[in-house]
Amino acid sequence: MNYSEIRKSKEYLNDDDCCTVVASAVAFDMTFEESQKFYDEHGRKRNKGYRDWSQAIIDLAELKGYHLQRYGVRYAPKGWALVKTNLSGAYRRELHEVKTYLNSKNSINISNWKRFFSEDETYIFSFNGSISHVGAVKGGNVEDWTKGRKYAICGAFKITKKENVKNLTKNENPFAKFGF
């Protein structure tokens, strides 16, 4: 699903403060209703934000068969950096690698994210500062209302499907190369 499709759904129109639900639907190839049901079962109240969103993303990835890699903007020995963290978001300098150094903690934003992350991947970005928000990026497209704005990104989950299974069409024969 993409953000423009989600915005048209009746369930979305009747639910406010649902950024985690929207981001999860986009990133994990779910309908908004499926994502909403998952978060309802994890204690999210309708029309309310969800504080424990990062643990829910970890649980959802495990449930749906996705691999996660987490990044955060942290102060490192040489200054502000984008670093790989563990899934809880903890960063210990001696254990985690610096992906790149930054000019400031607000260097990465939703308008320039492609300079720091691969646009071929799927991410859920977290924002802090003037807003507390999460949004999804998939296939190089920002699938969120923050598109084109300059909200600072403070963290990210890179989301990858564990098994890369090709969906066959009715006329494809996967055994043709073996003479069947």
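In this predicted model, the largest nonpolar core is made up of 29 residues, and those with the most contacts inside it are Phe28, Tyr39, Ile57, Ile124 and Ile159. Helices and strands both supply this core: two or more residues each come from helix 1 (3-8), helix 3 (19-27), helix 4 (32-41), helix 5 (53-64), strand 1 (66-76), strand 5 (133-138) and strand 7 (153-161). Apart from it lies another core, of 17 residues, which includes Tyr71, Phe116, Phe125 and Ile153.

Leaving aside residues up to four places away in sequence, Tyr39 touches Thr20, Val21, Ser24, Arg44, Tyr50, Ala56, Ile57 and Leu60.

Which residues of helix 4 are buried? They are Phe32, Ser35, Gln36, Phe38 and Tyr39, and because they cover an arc of only 160° around the axis, they lie on the same side of helix 4. These buried residues pack against helix 1, helix 2 (10-13), helix 3 and helix 5, whereas Lys37 and Glu41, on the other side of helix 4, are exposed. Asp40 also has its place in helix 4, and with a relative accessibility of 29% Asp40 counts as partly exposed. Its C-alpha atom is separated by 9.7 Å from that of Val21, a residue 19 residues apart from Asp40 along the chain.

**Helix 3 within the structure**

Helix 3 is largely enclosed by the rest of the structure, because 8 of its 9 residues are buried. The buried residues are Thr20, Val21, Val22, Ala23, Ser24, Ala25, Val26 and Ala27.

|---|---|---|

The 7 strands form an open sheet in the order 3-2-1-7-4-5-6, with antiparallel pairing. Strand 3 (98-101) and strand 6 (141-143) are the edge strands, each of them pairing on one side only. On average, and with direction ignored, neighbouring strands of this sheet are turned by 25° against each other. Within the sheet, strand 4 (residues 122-127) pairs with strand 5 in the antiparallel sense over 6 bridges, and Ile124 stands opposite Ala136 in strand 5.

Helix 3 packs on the sheet, where it touches strand 1, strand 4, strand 5, strand 6 and strand 7, and its direction makes about 15° with that of strand 5. Helix 5, for its part, lies across strand 1, strand 4, strand 5 and strand 7, and runs at about 150° to strand 1.

**Cysteines**

How many disulfides does a search of the whole structure find? The search finds 0 disulfides. Cys19 is accordingly in no disulfide, and the nearest cysteine sulfur, that of Cys18, is 7.5 Å away, while a pair counts as a disulfide when the two sulfur atoms are within 2.5 Å. Cys19 has a relative accessibility of 21% and therefore counts as partly exposed, and Cys154, at 24% relative accessibility, also counts as partly exposed.

Notes. Residues numbered from 1 in each chain as written. Predicted model: local features only at pLDDT ≥ 70, side-chain atom pairs only at ≥ 80, totals over all residues. Heavy atoms only, no water. Core = buried A, V, L, I, M, F, W, Y, C linked by side-chain atoms within 4.5 Å. Buried < 20%, exposed > 50% of the residue type's maximum accessible area, 1.4 Å probe, protein only. Helix = DSSP H or I, 4+ residues; strand = E, 2+ residues; numbered from the N terminus. Contact = heavy atoms within 4.5 Å. Arc of directions from axis to C-beta. Pairing = 2+ DSSP bridges. Axes fitted to C-alpha atoms, helices over the stretch in contact; angles between N-to-C directions.
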